[in-house]
Amino acid sequence: MSDKILIRVQSAEGIKRIEISPKSNLKQLYDSVQNALKVDGFGLFMERSFATELQANGSQLVGSMLKHGDMLYLKQIAGTSSRRTSTTAIENLSYNSATKLSTEKLGNNPRPSINVIEDEVDLQLLKSDGTIKRERDSKLCHHNANGRCVHCSPLEPYDESYLKDHNIKHLSFHSYIRKQTSGMDHGKYFVFDDINCRIKPGCREHPPWPKGICSKCQPSAITLNRQTYRHVDNVMFENTKIVERFLNYWRTTGHQRMGFLYGTYEQHADVPLGIRAKVAAIYEPPQESSRDSINICPDEGADEVDAVAKALGLKKIGWIFTDLITEDASAGTVKQIRGIETHFLTAQECISAGELQNRHPNPCKYATNGTFGSKFVTICVTGDQTKQVHMEGYAVSAQCMALVRDNCLIPTKDAPELGYVRESTDKQYVPDVFYKEKDQYGNEVQRLARPLPVEYLLVDVPASTPLQPQYTFTEYDKRQPFPIENRYIDGHLQDFNALSSYLSAWAEEDFLEAISDFHLLIYLYKMDMLPLRQHMGPLLEAVRAKNPNKAADFKGEEVWKLLESLVQASSTGSGGTTSYPSGAATSAGGSGADAMDLDANTWTCSHCTFINRGELTSCEICSLPR
């Protein structure tokens, strides 16, 4: 009589019979199934619903859990076997959202974060009724003025017919939350839980990856879906001059350019419970660019820029870059590079957008970790179908953010519109990622995301300028604005000479207007030669509040008077050689005779002590006048 028992294992390929000794442990059972079915990365379950999993441990015996003739159900969860792509197995593994959206009863389950400080615009929208008001229809409504019927009662903010009639492609984020929580029973709540693409650490059921993995610690497979909602519904630049100043670099050099958008978030009336990102300024970080590429360099002053912006009531809300190639310079036309036939964003740009969105998460009280998604937007300036310069706005989905955060997504070499999900290695386990598309017969089929069309990761965000321009900062008309930072070309340099020329062009009574320039304030804040930073609080508050009295008070401060004296000296000495009074040469170092002898070839700056060439009228290091 045989000392083995027969166990049936049902998988996507059918039923397989496994003979094993009841004295064998469950780990040996897993090994036998793996050898018989030629699969890897799977779990064995007692029920067809995959409720109770047999753990592959070496201490529990087969005979203590199973008897002769029992049926086990195999669920493939990880691995590289070719059988892994069978239709049934994929359906078992589908994960249909970047988030697990749960409505759990109170208890030990994850619950929303209650100590999250959300953005001001989110707090306002939470208090808003959100319903879409409708007027009484004189033809269809047969009740009095105070009555309501199906033809005039308010609509929910996620009403599909209303969104379709008004050509609104995506739900606003708060409309999406209202839709998920509508009709929810008392005692339940709604939770966002970010998708995880990494193995959960600390599992003791097996050796660490790559020697072992189980359904408890491995991430689920992902099926990509186009995101139906967006965190920001519109990007509005306060005026066209903001973008024009940014584009001047490309017009001057022919090289591409990138910048960070600084502004605020506000309610967007055109979309139910919508949010609009309002751009007040563009900061350009250090970068190296050419006709076809942009390389962003480390920015040591990034924290100082954020500090100035915060004092002005602004924050970093997005990024903008150009992809412009001139077609006809005389006509002012550019080539159309992007579109439905080519690509809207490249895979590399999607990855960059995902990285930036992960750095600027959206605080959300409905998320278990306090943040979900991002309001950070991407603006691409390129040519449209009419060969004119055009702005397109985007955000990447929460699924894309997760793939980028966990280092699962990389660009392809020859096809910019395609990304590629990494394959698992000994160092990193990567879950399978799928997307659905229609085949040549119109059937919806599931594909492995190797490669992946990046359109599944994108969300459109319209970009525009208002009919009536708005100005947080100075409205330039005839005056030359202060140069923009990190532009190392003639006419665009930020130095003391540029500061002197700029301030000298303004009348004293226009001080607040003169100083209300984002790029100028950053330059003053970062100046090393004068201790302005610790004194600029009242000035920044005056600019934020547009208060001329506070600005005038700061103008009377000793530190600003010192700067004005240097500006005046620079303006006086810019026309030719500065004449020093008797004894002044001694302060530049040495006796009067030594200084006169030195002045023929060099001179020493009295501010930073740098020895300059004799023909220079301002210091080569600190730019202050001779």
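**Enclosed spaces and confidence**

Reply: In this predicted model, the second largest cavity holds about 100 Å³ of space.

Me: What makes this space a cavity and not a pocket?

Reply: A cavity is a set of points where a 1.4 Å probe fits but cannot get out, whereas a pocket is open. The second largest cavity is listed among the three cavities of 30 Å³ or more that a search of the whole structure finds, and its volume is about 100 Å³.

Me: Which residues line the second largest cavity, and which lie nearest its centre?

Reply: Its lining has 17 residues, and Q227, H231, S374, A395 and V396 are those nearest the centre. Both β20 (389-396) and α10 (398-405) supply at least two residues of this lining, which divides into nine nonpolar, six polar and two charged residues.

Me: What is the volume of the largest cavity, and what lines it?

Reply: The largest cavity has a volume of about 230 Å³, and 21 residues line it, with I242, R245, A280, F473 and T474 lying nearest its centre. Of these five, R245 counts as charged because Arg is on the charged list.

Me: How do you know which elements and domains contribute to the largest cavity?

Reply: At least two lining residues come from each of α7 (240-253), β13 (274-283) and α13 (518-526), and α7 gives the largest share, four residues. Domain 2 (228-404 + 453-464) and domain 3 (496-572) each provide at least three residues of the lining.

Me: Why should residues 78-109 and 574-599 be read with care?

Reply: On a confidence scale from 0 to 100, pLDDT stays under 50 over residues 78-109, for which the model has 89 contacts beyond four places in sequence. Over residues 574-599 pLDDT also stays under 50, and the model has 13 such contacts there. Where pLDDT is low, the predicted coordinates should not be read in detail. For the protein as a whole, the average pLDDT is 81, and 86% of the residues score at least 70.

Me: What makes a residue count as buried, and what share of the protein does so?

Reply: Buried means under 20% relative accessible area, and 46% of the 626 residues count as buried.

Conventions
Residues are numbered from 1 along each chain as its sequence is written. This is a predicted model: local features need pLDDT of at least 70, side-chain atom pairs count only at pLDDT 80 or more; totals for chains, interfaces and linings use all residues. Side-chain values use heavy atoms; hydrogens and water are left out. On a 1 Å grid over the protein atoms alone, a cavity is a set of points where a 1.4 Å probe fits but cannot get out, and a pocket is an open set with protein on both sides within 12 Å along at least five of seven lines; lining residues have an atom within 4 Å of a point. Grid points are joined across faces, edges and corners, and a volume is the space filled by probe spheres set on the points. Domain bounds come from an automatic or database domain assignment. pLDDT is the predictor's confidence in each residue, from 0 to 100. Contact means heavy atoms within 4.5 Å. Buried means under 20% relative accessible area, exposed over 50%, partly exposed in between (1.4 Å probe, protein chains only).
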